[in-house]
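Let's take a walk through this model together. Have a look at the sequence and the 3D view, and we'll go from there.

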Amino acid sequence: MTINSQQPAPRRGKVLEALARAERKVFTRPAPKSAKAQMKFLLTRAKGSTKALAERLGVSRRTVERYRAGKLTTPQKRLRAALVEETESEWQPQVRAQARRQAATSRGMMVDVTAYFGFTCTGSSDDGRERTITTAISPTYAKQILELQEAGATEEDLHPIVAKAITESYFTEWGTRAVGLRADFTHVSQIEFRF
């Protein structure tokens, strides 16, 4: 009996996944799709180091070499997911950086979210409930969200700032109503960002 020592790739939360999807939507060319093309691309990003790429993907150096040579073509599920994620995280860095810079300085972002929103404020407010909201996020909050993501923030780290951004733009309309309202969201069913 053999024991599989490979661990499944860690799952990112819904907010982090939504930010990654938003970045993929700004690509001007499709990322490599085949395992061989992905390995070749990632090897160029790793400056040709099969050892560094193997450690990054959680496989052996020989596995990297076999995919690069085309001897292996169909990766197992875990490796396939790691190849897609790593390729897309490295693909078109200038295009992604430009979209992030514009979101953080001038355009902001749009968010579509379905989640349970609970409220605290002075006076009375609606009881918390699940809502579907589409609203703009100001460049100030977009910058904070993107900086946290870049610094390796967890899903729990991002929830308060995203909730604050939604509160300001949707519930308080940039401070023109419901002064003092604070909304928190939990149980995120769906979330999408657009640069």
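The side chains of Arg 194 and Asp 112 are joined by a polar contact of 2.4 Å. Keep in mind that what you're looking at is a predicted model. Arg 194 sits in strand S3, which covers residues 182-194. Leaving out residues up to four places away in sequence, Arg 194 also touches Met 109, Met 110 and Thr 134. Its relative accessible area is 36%, so Arg 194 is partly exposed.

Now for the rings. There are three aromatic pairs in the count. One of them is Phe 41 with Trp 91, an edge-to-face pair with 5.1 Å between centres and 70° between planes. This pair links distant parts of the chain: Phe 41 belongs to helix H2, Trp 91 lies in the loop between H5 and H6, and they are 50 residues apart. Both are buried. In Tyr 170 and Phe 171, the ring centres are 4.9 Å apart and the planes stand at 90°, so this pair is edge-to-face. Tyr 170 is partly exposed at 32% relative accessibility, while Phe 171 is buried at 6%. Together with Phe 117, Tyr 170 and Phe 171 make up one aromatic cluster.

Finally, find helices H6 (residues 93-107) and H7 (residues 139-150). Their axes come within 7 Å and cross at roughly 150°. Angles over 145 degrees count as roughly antiparallel, and H6 and H7 are therefore roughly antiparallel to each other. Residues making the contact include Arg 100 and Ala 103 of H6, and Leu 146 and Glu 150 of H7. The contact residues divide into five nonpolar, three polar and four charged.

Terms used: Residues are numbered from 1 along each chain as its sequence is written. This is a predicted model: local features need pLDDT of at least 70, side-chain atom pairs count only at pLDDT 80 or more; totals for chains, interfaces and linings use all residues. Side-chain values use heavy atoms; hydrogens and water are left out. Axes are lines fitted to C-alpha atoms, for helices over the stretch in contact, and angles run from 0 to 180 degrees between N-to-C directions. Helices (H or I, at least four residues) and strands (E, at least two) are DSSP runs, numbered from the N terminus. Angles under 35 degrees count as roughly parallel, over 145 as roughly antiparallel, 65 to 115 as roughly perpendicular and the rest as oblique. Contact means heavy atoms within 4.5 Å. Ala, Val, Leu, Ile, Met, Phe, Trp, Tyr, Cys and Pro count as nonpolar, Asp, Glu, Lys and Arg as charged, and the others, Gly among them, as polar. Buried means under 20% relative accessible area, exposed over 50%, partly exposed in between (1.4 Å probe, protein chains only). A polar contact is a pair of N or O atoms within 3.5 Å; within protein, one must be able to donate a hydrogen and the other to accept it, and residues adjacent in sequence count only if both atoms are side-chain atoms. Rings of Phe, Tyr and Trp (its six-membered ring) pair if their centres lie within 6.5 Å; planes under 30 degrees apart count as stacked, over 60 as edge-to-face and the rest as tilted.
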